[in-house]
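Please read each point with the sequence and the coordinates at hand.

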Amino acid sequence: MPHIVIDKIKDISYPQKIGDVEFLFRAENLIGVKTNNAKFLITFYKKDKGYIVKYDKITRPIISEIKKAYEAFIKLNEAEVLFENIKGIKEKLLNKNLLDITSDLSGIDIVEVGFGSGRHLIHLAKTNPDKTILGIEIHKPSIEQVLKRIEYEKIKNIRVLNHDARIILSKIPSNQLSEIYVHFPVPWDKKPHRRVINKDFINESKRTLKKDGFLHLRTDSENYFNYSLNEFLDFDKTELKIRKNMPYIVSSKYEDRWKKLNKNIYDIYMINYEISPPVKEEFDFSFKNRLHINDFKPKVFDKFVIHIEKVFKINNEKELIRLTLGNFNRPEHVYILNKEKPEYFKLPAPIKENYLAHLKLRELYELSKSE
Ligand SMILES: C[S@@+](CC[C@H](N)C(=O)[O-])C[C@H]1O[C@@H](n2cnc3c(N)ncnc32)[C@H](O)[C@@H]1O
């Protein structure tokens, strides 16, 4: 991890500004930093004869901003550098095909969930040159492999996103997609809550699909097929088409494997015949009143979790709260600057589960003005 070791940390009052780096506050061993391009935290602790200074993983910015902050921090403390391993680190080039949870997804036409080696994703891109295809994958090496391949083959219409597809779908506007593919999802027989196909996912698929658009599930697991069929049957205004051992235009790596084992392969096509209302996508993450933290137990609700992890004191009026909130499978780590009118140090991603957790947080911990 890129870090520096310096000989001393001076006891200084905050805020302070060195060049265009602002040091906003100190909350125990965390320091709030603002540059022209980023807002993040650095942290320090004593080791042997010096102080190790690192960036905080939750708010990590790009390396150039970390470098700027370290240099300014050295000046601020009039410190001597005992060690550094940051100068040689090169910036990873931003890849415009790699999206994240905050990206605008309004230009996407087709989605593939869990694309693995990416054979089918690339086939989709080549056979739909006028459409933009989004591949969503939780496995980072698959993302990197496909990014290399699309660069090598100069494919222009694929975007990839490294996240849980069940969360991302809620970010896509209604009636926008013509196709959604879920090929050979992990069956998760022992942990069914991890399955991609579930009622929420089908609901979101239906909402994001155009009228006459379809979701295609292909699986080698009879159990998953039966389970999914049952879930699909819960939805009105759809048509289900079922196929068994039908060849498909592209055979993925998994499919090749199952065919060698002579396994059955099942397809379900769910065609959507409904036009869905638009969804409100503006989430207000503001607070009205100071939060009063009186318990640190993780709280699990139906669609989200909240776990206050630690409170760092800044001064008598302010503190920094570290917590996780949002989707049960992929909660987000955030900080809140707790003061008369609290604010997130960096806003949570604008997704439904984060917003629901935010509202609950306010309900549970916000003090009313009279208290
Ligand atoms: C069995 S592999 C199939 C890969 C590919 N579709 C194929 O047919 O070869 C399942 C893939 O789904 C991905 N995956 C599992 N759960 C996911 C989720 N919730 N969101 C996105 N990708 C997921 C896994 O990382 C894995 O690459």
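The numbered points below go from the overall fold to single residues.

1. Overall architecture. The model is a predicted one. Eight helices and 20 strands make up its secondary structure. The C-alpha trace spans about 70 × 55 × 40 Å along the principal axes. Of the 371 residues, 34% count as buried. Among contacts with a separation of 6 or more, 66% are between residues 24 or more positions apart.

2. Domains. The protein is divided into domain 1 (3–84), domain 2 (98–272) and domain 3 (299–365); these bounds come from an automatic or database domain assignment. The centres of domain 2 and domain 3, taken over C-alpha atoms, are separated by 32 Å. Where these two domains meet, seven residues of domain 2 are in contact with eight residues of domain 3. On the domain 2 side, the touching residues comprise two nonpolar, two polar and three charged residues.

3. Eight strands form an open sheet of mixed pairing, in the order 8-11-10-9-12-13-15-14. Its edges are strand 8 (98–99) and strand 14, each of which pairs on one side only. Helix 5 packs on this sheet and touches strand 12, strand 13, strand 14 and strand 15, with its direction at about 140 degrees to that of strand 13. Within the sheet, strand 9 (residues 110–113) and strand 12 run parallel and are joined by four bridges. I110 stands opposite E179 of strand 12. Helix 6 lies across strand 13, strand 14 and strand 15, and runs at about 15 degrees to strand 15.

4. Helix 5 and its cover. How many of the residues of helix 5 (199–208) are buried? Seven of its 10 residues are, and the helix is mostly covered. The buried residues are F201, I202, E204, S205, K206, R207 and T208.

5. A second open sheet has five strands in the order 16-17-18-19-20, with antiparallel pairing. Strand 16 (299–300) and strand 20 (343–344) stand at its edges with a single partner strand each, so one side of each is left without a neighbour in the sheet. Strand 17 (residues 305–313) and strand 18 (residues 319–326) run antiparallel, joined by eight bridges. In this pair, I306 has L325 of strand 18 as its bridge partner. Helix 8 (residues 352–365) lies across strand 17, strand 18 and strand 19 (332–338), running at about 130 degrees to strand 18.

6. Ligand surroundings. Which residues are closest to the ligand? They are G114, G116, H139, A165 and S252, out of 21 residues that surround the ligand. Strand 10 (133–137), helix 4 (165–168) and helix 7 (253–260) are the elements that give two or more residues to this shell. By class, the shell has 10 nonpolar, seven polar and four charged residues.

7. Residue D267. This residue lies in strand 15 (residues 266–272). D267 counts as partly exposed because 17 C-beta neighbours fall inside 10 Å, whereas 20 or more would be needed for a buried residue. Beyond its neighbours within four places in sequence, D267 is in contact with H216, L217, R218, I242, R243 and M246. From Q16, D267 is 251 residues away in sequence and 62 Å away in space, C-alpha to C-alpha.

8. Backbone geometry to inspect. Most residues other than glycine have a negative phi, and most peptide bonds are trans. The peptide bond from Y14 to P15 is cis, with omega near 5 degrees; P15 is found in the loop between strand 1 (3–6) and strand 2 (16–18). Phi is positive at K154, near 55 degrees, and at F184, near 50 degrees. K154 lies in the loop between helix 3 (140–152) and strand 11 (158–162), and F184 in the loop between strand 12 and helix 5. Are these two residues buried or exposed? K154 counts as exposed because it has 6 C-beta neighbours inside 10 Å. F184 is buried, with 21 other C-beta atoms within 10 Å.

Definitions and conventions: Residues numbered from 1 in each chain as written. Predicted model: local features only at pLDDT ≥ 70, side-chain atom pairs only at ≥ 80, totals over all residues. Buried ≥ 20, exposed ≤ 12 C-beta atoms within 10 Å, placed from the backbone. Near = placed C-beta within 6 Å. Nonpolar A, V, L, I, M, F, W, Y, C, P; charged D, E, K, R; others polar. Pairing = 2+ DSSP bridges. Axes fitted to C-alpha atoms, helices over the stretch in contact; angles between N-to-C directions.
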